[in-house]
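User: I am new to this structure and would like to learn how to read it. Could you take me through it step by step?

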Amino acid sequence: MAMNYNSKDEVDGGPPCAPGGTAKTPRPDNTAFKQQRLPAWQPILTAGTVLPTFFIIGLIFIPIGIGIFVTSNNIREIEGNVFMYYALSNFYQNHRRYVKSRDDSQLNGDSSALLNPSKECEPYRRNEDKPIAPCGAIANSMFNDTLELFLMGNDSYPTPITLKKKSIAWWTDKNVKFRNPPGEESLEERFKGTTKPVNWLNPVYMLDSDPDNNGFINEDFIVWMRTAALPNFRKLYRLIERKSDLHPTLPAGRYYLNITYNYPVHSFDGRKRMILSTISWMGGKNPFLGIAYIAIGSISFFLGVVLLVINHKYRNSSNTADITI
Amino acid sequence: ASGDRDDDGRCNYSSLLACGAKSSRSPRPAGRHRVVVPHLWPFRDEYEKLSGAYVNNRIRTTKYTLLNFVPRNLFEQFHRAANLYFLFLVVLNWVPLVEAFQKEITMLPLVVVLTIIAIKDGLEDYRKYKIDKQINNLVTKVYSRKEKKYIDQCWKDVTVGDFIRLSCNEVIPADMVLLFSTDPDGICHIETSGLDGESNLKQRQVVRGHAEQDSEVDPEKFSSRIECESPNNDLNRFRGFLEHSNKERVGLSKENLLLRGCTIRNTEAVVGIVVYAGHETKAMLNNSGPRYKRSKLERRANTDVLWCVLLLVIMCLTGAVGHGIWLSRYEHILFFNIPEPDGHIISPVLAGFYMFWTMIILLQVLIPISLYVSIEIVKLGQIYFIQSDVDFYNEKMDSTVQCRSLNIAEDLGQIQYLFSDKTGTLTENKMVFRRCSVAGFDYCHEENARRLESYQDDDDRADAPGGAALGGRRGSGDVRGPRQAAFSSPMETDVVPDTRLLDKFSQITPQLFTPLEETIQNPPLETLCIIDFFIALAICNTVVVSAPNQPRQKIRRPSLSGMPIRSLEEIKNLFQRLSVRRSSSPSLSSGKEPPSGVPNAFVSRLSLFSRAKLTSPVEEEGSRPSESPVGASSSVCCTETKRGNGGAGVTNGQVGPAAGQPLASSLCYEAESPDEAALVYAARAYRCTLQARTPEQVMVDFAALGPLTFQLLHILPFDSVRKRMSVVVRHPLSNQVVVYTKGADSVIMELLSAASPEEASLEKHQLTIREKTQKHLDDYAKQGLRTLCVAKKVMSDTEYAEWLRNHFLAETSIDNREELLLESAMRLENKLTLLGATGIEDRLQEGVPESIEALHKAGIKIWMLTGDKQETAINIAYACKLLEPEDKLFILNTQSKDACEMLMSTILKELQKKGQACPKQASLSVDLLQLPAPQDSELRAGLIITGKTLEFALQESLQRQFLELTSWCQAVVCCRATPLQKSEVVKLVRGHLQVMTLAIGDGANDVSMIQVADIGIGVSGQEGMQAVMASDFAVSQFRHLSKLLLVHGHWCYTRLSNMILYFFYKNVAYVNLLFWYQFFCGFSGTSMTDYWVLIFFNLLFTSAPPVIYGVLEKDVSAETLMQLPELYKNGQKSEAYLPLTFWITLLDAFYQSLVCFFVPFFTYRGSDIDIFTFGNPLNTAALFIILLHLVIESKSLTWIHMLVIVSSVVSYFLFALAFGALCVTCNPPSNPYWIMQEHMLDPVFYLVCVLTTCVALLPRFVYRVLQGSLFPSPILRAKHFDRLTPEERTEALKKWRRAGKMDQVTSKHAEPSADQTGRRPPSGPSAVFAMRAATSCAVGQGDTSVCETALDLRCSDTEASQVAGPQKTKKAGSPPSLKLK
């Protein structure tokens, strides 16, 4: 008959010579924790106990929903700063191989990465034996249409609207994440030894005349590099600042949009749009959230009523234990 | 055991033995046997040749060394399929084409898991290493050939062939053959508690031939060689021989072997030669480590893991196909199909193929890597709480529950069948002498019964004093004080004699014996019988006598008490001097040549000695303690003889009847089994006191006859096959060789002497005694007493010598020894004369009936498997409420298979007739695999089956029928079952019914059953620790079982199953977020979450709450669970984790992930949000959903839950914020920089998270609410009880029970009797056939409570018995219990 011995037993039992003076009794401590008697909140989910929850949810959600809905619907009035977006549809900026095809070090102004971009950028890493700056598929496919907005006055003479190019990107992106290669010399010098992305018309140091908005810190570029989450997306293009409190930013009238067409989207059934929008505390216009809140609040309220009925019917059974089926 | 041994070897051995072991053969090569020669100069060459292959005594129980730790640990860990899977993923991620994450990141979870386990293993191993080192460096005295004396050496340096000298209380370093003991009798006691936990001393004997040496064995002169079997793990076997230089051989047995790890007790010093060292010792070979069992729940979970794999494959295929289709539309758009570095474009098909693997990496979390680690942690926590339960603490034994298996705690909650041993498990195993029958007269000991009743009340008192008396004597010895006390509580020791019997004792005078020859015709036969009976009670055992003040010092001479005891040393000296006067060992008196080197004078002395005994009716050896040890032997004997005649009064006058009593009460009896002790105490009550025992003689102080010294010729120890034990002694009064046998009545009755023609009248007398005794025995058994028969046999010297010679051959054989010994015993134990019978009560343990009742209510079927006889078993079964008085009892007790089959089908038919009233059971008969528990209050049946019939029932052809039959019965009692049958029964039920079984037992005979069952529970009682060692859990009392199962089992099961389900839910819900996103990124395998967050989400933020939940969750309080055992059925039916539950959980997970994805999706649709900013609210909402889901599922939440949940949330936000602040360009392409910060300032983020969480959890919440109000499960209803005041509670409990009964009745009637027709087994024809063909008797011994059934049975019985009648009489000595009613 084979018996099983634990190594521990053999060892422990081996020399029992140890004096049993400090004999430790195996009696377990009678503490609430060890005896699993810790005071506990024991929620019993019955109609009676959760009734208030549903009503409270209903009472909170419906006003919130209405608030959101109203806010969202008000957005169309073009007051305050107006944001000008370009929108692309069916453009998969979130494709895995596309998303990773960039070199953040290079964009952060790292000199070594500038001349030797990450392998992730392949096959847009080098062109004609020169490193591409900025490398990768994202940069290569940068949106490069130009949009200009004119107000057609009464005299049919178009007045150009001032479109602000700056502060359209995240402040942290512009100031921390994206940096031009260091140096005192001109931007062109600093980008020396690199070549422009294949699809670009101009090299990176010629994106804008403003030195504060050129090179890697060009905000159009930064905005493009923040890859969209979904295939139908918009990106902030320009800012139309309100001039004074007295006049609307974009007064009613006829407008003229001039598009310099550089960016083909037909091949992938894409569409381009231009959107003008104001922004509220909850971002752009989107009725979904408000409706959802109202709906859920109502459902919750309704459930509350149902549970109230149930609670009335089964009042006795839910409060005491003598439930006989 | 020796089946694989080559014929050659066997031949050699048998021939050797046949020719008296005189053969000069060159030393055998080691081969399958082991040859040990002393590790000394003369044997140097041979030693090197032989012992080169033997390991030394260094042990290493560690698995790893410093060098191989990493590779070996990894190797072991990758034996787990799950780890291999994750390794595969890691490797996959290194393939550039399919890489989904950064290469290094995928390794992280695996590395973390492997590291945690490796650290755990490493620490465990290091602990072992330290203990090994400590043990290896223990010091012992080894004989050094250089210095020619014993020097201190470390254990690790001991080698095979070394001589070792050990003193008292030292631990034996290696298995060695005992060559010398300072004990005058050549014995030595060892305590094996380190090996098997049994704390009673075991006796070991010096190798025959060496025992007679007076001086210590001199290693230099030792020239023998030892040949023994190869190392094996059988603790109870050691075979070999010692070959002296003159080629003479002496057999070696386990009696000669000192085992490593045991402690020398009671013996000043011993010397032995090492035969097995280190890892070849029996102790180490037995060290197989803890068992690994896989629980039912885990098996369930594993199948669901496989479902998850399937799900994963489906999802990945979807991704692959989707990507292929998507890409085929844009194959040449370089925006989307980014070319390879070398500029070529991947075709959509190939891209789809790659995508499959990418998706596997991406969605890998679906297979929960942390599940296994979490399960292990949770189980540790559960075990911790089981062991901390103060209710399991037993003050008397100072012990609590032991969890020896760490991974099957949840199985405790699913037990359907319970197999219990009786003695020591249900009963206390405190044997109390109740009554006896001598020579056909019953003595019912009424006073004794009254005394026992008084103990019933204050049980505690009975247990304390022994331990107290032992306390403080010897540092190490009295650790087991309290346990020892249990053997000698006053309840067991103080037997009040029966007055009637005492009267008869007064007739006893020494004169009865002197004129023995003349008075043979008109003897006070009864008086003789009484004397023999009590002598048998006193000496037919293996009880060791010790004095309580010297707990482990055996009492050798009663006379010592009459002398002023000066010191322990002096007593020892006395013993040594006295040791000269040892009698021969049995083998010597058989006429065999004494070993060389022993002076001839010794032999003559012996013969003189024994002759002296003939003439001395009363012997008192101890009267001359001061005699010189080596004095002329003959003169010693002479003086003794003289002294003996008149001596009783001279020096030891006080050791008469008068002084006997106080002396006797100060004696302690240490018995191997409590029955023996009870009988010895009973004999003592009649002033037949066992005074001392040595290997050669037993001293009994018989009040009327004075002290008697029996020369102990032989002991045939008890074994479960023979079910009896015998001692062979030379009776000091009659000087005859007498065999006293004591054993189970069924066995003894068969061995009683058949008709001896010349003594017809005596024979007749014997027959009446036998009949009367049998009646008494049945009577005892009906009262639930354990019965034993006592018998004797007188042998002539020649008969004895003849037997002894054969027996010696059996003893010295190496192969087939067991069979030969059994045969030899059979030759001795026959033609016995019945003396009487005893009835010993074994009281039920506290709380057993209540526990059994509760377990019954919990839907557990309880089987009692016992070796006791039928009547005893039935009575105990009634007493412990296993059987109710109104139960119908069916008894299966047949002598043949056919009869058994017939009887079973008859009973089945009977039951089915009844069963038709209750349609529930109709479906039972056909599908054994789906046997539901027939819970029927109307028809309660119990089945009793005896061991012999069980043998038939267990045969393949009858198994089904037997199981079907048992499924109708609430309780099954198997009596007269052997250990093997016990395990076979468990195996049968477990294998065929596919149920969860639990076996509980306390003795070595339960070990196999314990090992076979799903859960084995050992009761750490008085029968040693073997059962405990083999068990998964050890409790100290049976009643603890109810809390262990009903409360902890239920908790462990529900906790773990809910946790596992939650794990599946959590992983599926989270991973699906990634999956849904694939539909919007062209199935390109993009993850909208940063990889670190993804990994930490599972590894950190959501791992602790489920673990806490798994350890601390309490659905119903312990009190309610104990009060409502019905709640246990929840676990039996696996209600917490059904396949359906799993799929519902998955469905919910899918729903929640859909909500969690699409609420943010619709919110941010068309906006300028970027990938990782989009992922942030998804993650955050998922975190809240997952944590709050757990809160909804939790039935009780303590501050620990709250703390863990809050800290999970806090750590998530802290991590996200810190990561967002610090990671500027790290971890491309995901860029968490400032995302969380942006979101924390954005109200939409909060709105989205709140909405998502609410919508996701709403359905489950509503479901739980509706469930709680409209259709609460029993568990939920029971939960309400915890909120009530005590008064309300009792009221509610009453209502509950009433309702439960009502429910049962209504549902019974409601259920249509769908499939009862045509489903009956074909029992009809076979029954008829069986009746016709019955070749042996079929006996259904219906108890009185068998009512209608008896009609059926009776007809079959009579018919069967007619056929069987003649045959039965032919079969001599068939158990008389087979009476027909």
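Analyst: Start with a term: a polar contact is a pair of N or O atoms within 3.5 Å, and within protein one must be able to donate a hydrogen and the other to accept it. Note too that the model is predicted.

User: With which side chain does the side chain of B:Asp1006 make a polar contact?

Analyst: The partner is the side chain of B:Lys982, at 2.7 Å. Apart from neighbours within four places in sequence, B:Asp1006 is also in contact with B:Asp421 and B:Gly1001.

User: Is B:Asp1006 buried or exposed?

Analyst: Buried means under 20% relative accessible area. B:Asp1006 has 0% relative accessibility, so it counts as buried. B:Asp1002 has 1%, and therefore is buried as well. B:Asp1006 sits in the loop between strand 32 and helix 33 of chain B, and B:Asp1002 is in the loop between those elements too.

User: Which residues does UniProt give as "binding site"?

Analyst: The unreviewed UniProt entry lists B:Asp421, B:Thr423, B:Asp1002 and B:Asp1006. They spread over 586 residues of sequence yet cluster in space, with a largest C-alpha distance of 10.5 Å.

User: How is the size of an interface given?

Analyst: Often as the accessible area lost when the parts come together. Between chain A and chain B, about 10400 Å² is buried, and carbon and sulfur atoms give 64% of that area. The contact involves 100 residues of chain A and 135 residues of chain B.

User: How many salt bridges cross the interface of chain A and chain B?

Analyst: The rule finds two. A:Arg226 forms a salt bridge with B:Asp1170, with the closest N and O atoms 3.0 Å apart.

Definitions and conventions:
Residues are numbered from 1 along each chain as its sequence is written. Chains are lettered from A and ligands numbered from 1 in the order in which they are written. This is a predicted model: local features need pLDDT of at least 70, side-chain atom pairs count only at pLDDT 80 or more; totals for chains, interfaces and linings use all residues. Side-chain values use heavy atoms; hydrogens and water are left out. Contact means heavy atoms within 4.5 Å. Buried area is the accessible area (1.4 Å probe) that two parts lose on being put together, summed over both. A salt bridge is a side-chain nitrogen of Lys or Arg within 4 Å of a carboxyl oxygen of Asp or Glu. UniProt positions are given in the numbering used here, feature names are shortened, and annotations may be inferred rather than shown by experiment. Helices (H or I, at least four residues) and strands (E, at least two) are DSSP runs, numbered from the N terminus. Buried means under 20% relative accessible area, exposed over 50%, partly exposed in between (1.4 Å probe, protein chains only).
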